[in-house]
Amino acid sequence: FQPLKRPGRGWQVGLGYSPEGVCQNEIVYEEMTDTAWLADEMKIEDWLKEYLTARYGSCPDKIWEAWQIIFKCFYSGGGGGHFKYQVIPQLSTDPHHLNPDWFKALDIFLSCSNEFANCGCYWDDAVELANHIGSSTADNMIAMTIFSHQLGAKENAKKFLGCFTEMLTDVDKLNSTRYQFMLNEWTGAAAKWSDDPELQKYYKMDARRLITVWGGHLDGYVAHHWSGLIGCYYLPRWQLYLTELLKGTDMAEIQKKVRSFEQDWVSNGPDGATEPDKDPAKWTARTLKDATQLKEIFEKLNKEMVEKDRGVFLGTWNASEKHVLSNVHFLVSN
């Protein structure tokens, strides 16, 4: 909005914005702040190169190549939202489109890992991108587990459930390499408000509640991709739901078991690792490798199952009841 060009300039004494989430996407806040003080229209590529140089200490060709892809994929419109694994388990079979450019960008970005081995901001960004790829892949494994179950493909359903567990475990380990993406940073800060053990337990319980069940229709609203929260809450919650689904347990009973798990975790934890893993290179590379392999498995088996069912869908049904979304494919054979 270029305040320096406005007739009323000189009266402004401050600038602020109120992000609903912090400790992520620093580039957005930097760009917003800089834009406000420019006398002329921002040349985004020039600004981005300067920003990356300041962030990493230099901007070699490979970093620039990777960020051009990142900028096109993630910063040129569209919105965000929760991953499937972060919301209340439900019969949703809509998979993500796993954009090959995401994988390409991370691969190029990691080719500079030796040069930026000791640059914290470089690894923050590598983990963010790997997290998006791994989380989207894990979501697809959920969708394919449910889809396989609906088709009666029991072995495929079990296979995809195992793939989901593998991928989300990677994501949990990945995020444990950055202290700001660790659940214990949050619950530990809550406990520091008292020296009394009982009060510490109470404060940690409330800290867990705020980022998960919270209350009413806000259940799952404050979703985070934090190590500990993923490994100790999101992953076992979905494992419980999917395992019971594949066993044929009544849906009302499944939901009851899921709620019981949630409340027990809010009260008692656990909260995962207390110290960051010191090998982000290992876990970004591992996440990229496993996600690439699972992407191929997903595309192959999905194609086979659809073709087996004559390749024709009559439509998709979405039913909302008490803020729970159900998504079931109607197939010709059914």
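Predicted model: local features only at pLDDT ≥ 70, side-chain atom pairs only at ≥ 80, totals over all residues.
Residues are numbered from 1 along each chain as its sequence is written, and side-chain values use heavy atoms, with hydrogens and water left out.

Tyr 56 belongs to one of the structure's 19 aromatic pairs. A pair here means rings of Phe, Tyr or Trp (for Trp, the six-membered ring) with centres within 6.5 Å; planes under 30 degrees apart are stacked, over 60 edge-to-face, and the rest tilted. The ring centres of Tyr 56 and Phe 109 are 6.0 Å apart and the planes make an angle of 70°, so this pair is edge-to-face. Tyr 56 sits in helix α2 (residues 44-56) and Phe 109 in helix α4 (residues 100-110), so the pair ties together parts that lie 53 residues apart in sequence. Helices are DSSP runs (H or I, at least four residues), numbered from the N terminus. And how accessible is Phe 109? Its relative accessibility is 1%, so Phe 109 counts as buried.

## A stacked pair and a ring cluster

Now look at Phe 71 and Tyr 75: their ring centres are 6.1 Å apart and their planes meet at 20°, so this pair is stacked. Phe 71 has 23% relative accessibility, so it counts as partly exposed. Tyr 75, at 27%, counts as partly exposed too.

Which residues do ring pairs link into a cluster? They are Phe 83, Tyr 85, Tyr 233, Tyr 234, Phe 261 and Trp 265.

## Arg 208 and charges over rings

Trp 265 from that cluster also has a charge over its ring: the charged end of Arg 208 sits there, 5.9 Å from the ring centre. To qualify, NZ of Lys or CZ of Arg must be within 6 Å of the ring centre and within 35 degrees of the ring normal. Lys 295 gives another case, with its charged end over the ring of Phe 103, 5.9 Å from the centre.

Arg 208 has its place in helix α8. Its relative accessibility is 5%, so Arg 208 counts as buried. Leaving out residues up to four places away in sequence, Arg 208 touches several others, among them Trp 186, Trp 265, Gly 269 and Asp 271 (contact means heavy atoms within 4.5 Å).

Leu 210 lies in helix α8 (residues 197-210). With 38% relative accessibility, Leu 210 counts as partly exposed.

Side chains of opposite charge can pair when their charged atoms come close. The whole structure holds 15 salt bridges, each a side-chain nitrogen of Lys or Arg within 4 Å of a carboxyl oxygen of Asp or Glu. One of them joins Arg 237 and Glu 262, 2.6 Å from N to O. Arg 237 is in helix α9 (residues 229-247) and Glu 262 in helix α10 (residues 251-268), so the pair ties together parts 25 residues apart in sequence.

Lys 257 and Glu 244 form another bridge, with their closest N and O atoms 3.4 Å apart. Lys 257 lies in α10 and Glu 244 in α9, so this pair ties together parts 13 residues apart in sequence. Lys 257 counts as partly exposed at 31% relative accessibility, whereas Glu 244 counts as buried at 8%.

Arg 259 counts as partly exposed, at 35% relative accessibility. Through shared partners, salt bridges join Asp 219, Arg 237, Arg 259 and Glu 262 into one network.

Finally, find Gly 269 and Pro 270, which are joined by a cis peptide bond with omega of about 10°. Pro 270 sits in the loop between α10 and α11 (280-308).

Definitions and conventions. Helix = DSSP H or I, 4+ residues; strand = E, 2+ residues; numbered from the N terminus. Buried < 20%, exposed > 50% of the residue type's maximum accessible area, 1.4 Å probe, protein only.
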